[in-house]
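I opened this notebook page to record what I looked up, one element and one residue at a time.

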Amino acid sequence: MRSAAHSETDPMTDPTQDAPLILGEHTLSSRLLVGTGKYASFEETAAALELSGTDCVTVAVRRVNLDESKGPSLLEYIDRDRYVILPNTAGCFDVESAVRTSVLSRDLLGTKLVKLEVLGDKTTLLPDPVGTLEATEELVKQGFDVMVYCSDDPRMCVRLAELGATAVMPAGSPIGSGQGVLNPNAIRIILELVDACPIIVDAGVGKASDVCAAFELGVEGVLLNSAIALAQDPLRMAVAMRDAASAGRQTFLAGPIPKRLYANASSPTEGMIAGTSLPSEAGAS
Amino acid sequence: MARGPLFWDDVSGHRAPLQHTLKIVLNGSPSELADAMSVAELIEDLDLSPEQVAVEVNGELVPRAERAAHQLAEGDAVELVTLVGGG
């Protein structure tokens with residue numbers, strides 16, 4: 001069963017428990033990965049992370065702003081004992097800058113985990129497939145645990161897993177678009193074809209139902225940022241996303257009933273009292 | 001603090017110490033340092049927390065352990081990065 005493929009243990013016999021998500025050296029209880037961008041303040045960031053229940057938070061690597069008067073740093077608001085920090089290469093449009101950014105993040109955080117993004121253009125922020133493959137190969141060679149943001153092309157995901165990606169992370173829809181998982185069948189096929197590493201839907205979710213639907217497909221994780229950070233009430237949305245992740249994941253593990261066209265009575269069809277038969281059945285019986 | 005060698009103005013004959021400035025490109029902007037210094041001293045000079053930055057000189061990482069020994073040279077392109085919010 002796929003659900004057990006990336007876990008240390010079998011799915012729990014206790015129905016309230018789930019196996020952890022393994023990412024390289026890290027073991028996560030929560031399957032929701034949450035970004036730290038676009039919040040109104042660092043305080044709000046910290047509160048939303050806490051409420052989301054996440055164990056893994058993404059950050060970006062940027063030039064130190066030397067003109068700005070020295071303010072507090074994001075790092076002061078993120079408890080490194082509580083969260084695994086996942087640095088990204090967001091904003092990189094070529095292999096070289098993505099690799100350089102990864103090397104800098106590894107020195108800064110002392111972690112070999114990196115979320116690789118090699119983007120194609122600024123309007124769609126869709127991943128550049130060739131650059132993404134090349135950068136994955138190089139980073140794996142340099143000893144990184146690479147979590148790769150990619151398109152939902154199943155063959156692309158196979159190639160990334162073959163290169164040794166720690167996680168393959170197809171976009172549900174464009175980054176920050178809130179469109180949800182536009183092609184669930186592609187995700188289904190990816191889950192069929194890729195068994196070497198976890199599949200995490202990265203980007204595009206807007207609502208709790210999007211997160212729930214992604215987990216119901218069987219993905220091992222969902223990574224989101226804008227859906228919480230830009231909601232009218234980010235803290236309440238963080239709670240919604242936490243619950244949606246749990247509901248969707250539990251639905252997948254529980255195994256939903258197949259859809260059918262006609263009704264299937266939940267109550268016994270035998271033992272009905274007299275006079276309740278349908279008119280058409282009355283004469284026949 | 002360890003500094004670079006003193007330079008003497010032998011044109012004037014006064015043998016007065018001459019300010020040795022160092023031109024580098026810091027995060028994409030031309031910048032002039034008052035003195036020769038190491039990467040570690042630059043971080044200190046800019047009042048940055050050493051544990052919250054990573055440094056690249058001419059496209060190559062200067063690992064944390066090598067910051068003190070790595071002297072900056074004229075024309076170096078220095079990138080100082082930190083972590084910010086992101087998805």
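I worked on a predicted model, in which local features need pLDDT of at least 70, side-chain atom pairs count only at pLDDT 80 or more, and totals for chains, interfaces and linings use all residues. Residues are numbered from 1 along each chain as its sequence is written, chains are lettered from A in the order in which they are written, and side-chain values use heavy atoms, without hydrogens and water.

Entry 1, the helix. I looked up H4 of chain A, residues 129–141; helices are DSSP runs of H or I with at least four residues, strands are E runs of at least two, and both are numbered from the N terminus. H4(A) has 13 residues and reaches 18 Å from first to last C-alpha, close to the 18 Å expected at 1.5 Å a residue (1.5 Å times one less than the number of residues).

I found A:Gly131, A:Thr132, A:Ala135, A:Thr136 and A:Leu139 buried in H4(A) (buried is under 20% relative accessible area, exposed over 50%, with a 1.4 Å probe and protein chains only). They lie on the same side of H4(A), because their arc around the axis is only 130°, taken from the directions from the helix axis to the C-beta atoms. The face turned away carries exposed A:Val130 and A:Lys141. Just after H4(A), A:Gly143 has a positive phi of about 90°.

I located A:Glu117 between S6 and H4 of chain A. A:Glu117 counts as buried because its relative accessibility is 3%.
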